[in-house]
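Subject: Structure handover and notes

Dear colleague,

Please read the notes with the coordinates open.

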Amino acid sequence: MTDGRTQRRSDYRAEVSYPVWYRPLPAFSDTKASWHTSTTQDLSAGGMFFPVDAEVDLWSGESELLEIQLFLPTGPIFLLARPVRQVDTGNGNKAAAVQFVSLAPGDKEKTARVVLSGGLERSHA
């Protein structure tokens with residue numbers, strides 16, 4: 001998904017599709033938001049880009065983080081991510097780029113291996 005803009009990420013990314021559950025993590029409340037489902041459009045060991053539900057406002061000020069469950073072939077990974085960009089994809093739809101801010105070191109390594117193998121498979125297809 002390169003479009004000529006300067007890329008600021010330090011991890012290899014691949015256009016791979018894996019199931020994602022996400023919800024805003026309230027900053028000032030113990031109340032948990034409902035889970036939303038999506039699928040990655042691209043993924044790296046440091047972040048991902050994925051469609052988000054139109055009613056989810058990532059910039060409301062009530063939450064600075066997303067709680068995410070990412071379902072990789074090696075098993076689910078649980079993490080916290082910070083939204084860094086939201087894009088209007090047309091027809092009232094939107095997508096978000098997030099940066100992973102909290103995940104286990106072993107999970108980052110697992111994600112990197114899955115991304116690398118997914119990127120290699122796509123380049124040889």
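The side chains of R23 and E67 form a salt bridge with an N to O distance of 2.8 Å, where a salt bridge is taken as a side-chain nitrogen of Lys or Arg within 4 Å of a carboxyl oxygen of Asp or Glu. This pair links distant parts of the chain, since R23 belongs to strand β2 (residues 19-25) and E67 to strand β6 (residues 65-72), 44 residues apart; helices (H or I, at least four residues) and strands (E, at least two) are DSSP runs, numbered from the N terminus. R23 is buried, at a relative accessible area of 12%, and E67 is buried as well, at 19%, with buried meaning under 20% relative accessible area, exposed over 50% and partly exposed in between (1.4 Å probe, protein chains only).

Please bear in mind that this is a predicted model, in which local features need pLDDT of at least 70 and side-chain atom pairs count only at pLDDT 80 or more, while totals for chains, interfaces and linings use all residues. Residues are numbered from 1 along each chain as its sequence is written, and side-chain values use heavy atoms, with hydrogens and water left out.

A search of the whole structure finds four salt bridges, and two further ones belong to helix α1 (residues 105-123). D107 and K110 meet at 3.4 Å, N to O, and because they are three residues apart in the helix, about one helical turn separates them; D107 counts as buried at 15% relative accessibility, whereas K110 is partly exposed at 25%. R113 pairs with E109, their closest N and O atoms being 2.8 Å apart, and these two residues, four apart in helix α1, are likewise separated by about one helical turn. E109 is partly exposed, with a relative accessibility of 49%.

Turning to the sheet, eight strands form an open sheet in the order β1-β4-β5-β8-β7-β6-β2-β3, with antiparallel pairing, two strands being paired if DSSP finds at least two bridges between them. Its edge strands are β1 (13-14) and β3 (36-39), each of which pairs on one side only. Strand β7 (residues 75-90) and strand β8 (residues 93-102) are joined in the antiparallel sense over nine bridges, and P83 has V98 in β8 as its bridge partner.

Not counting residues up to four places away in sequence, V98 touches G46, G47, M48, F50, L66, I68, A81, R82, P83 and V84, contact meaning heavy atoms within 4.5 Å.

D11 and S44 are 33 residues apart in sequence, yet their C-alpha atoms are 5.9 Å apart in space. Neighbours within four places in sequence aside, D11 is in contact with S44, A45, G46 and K108.
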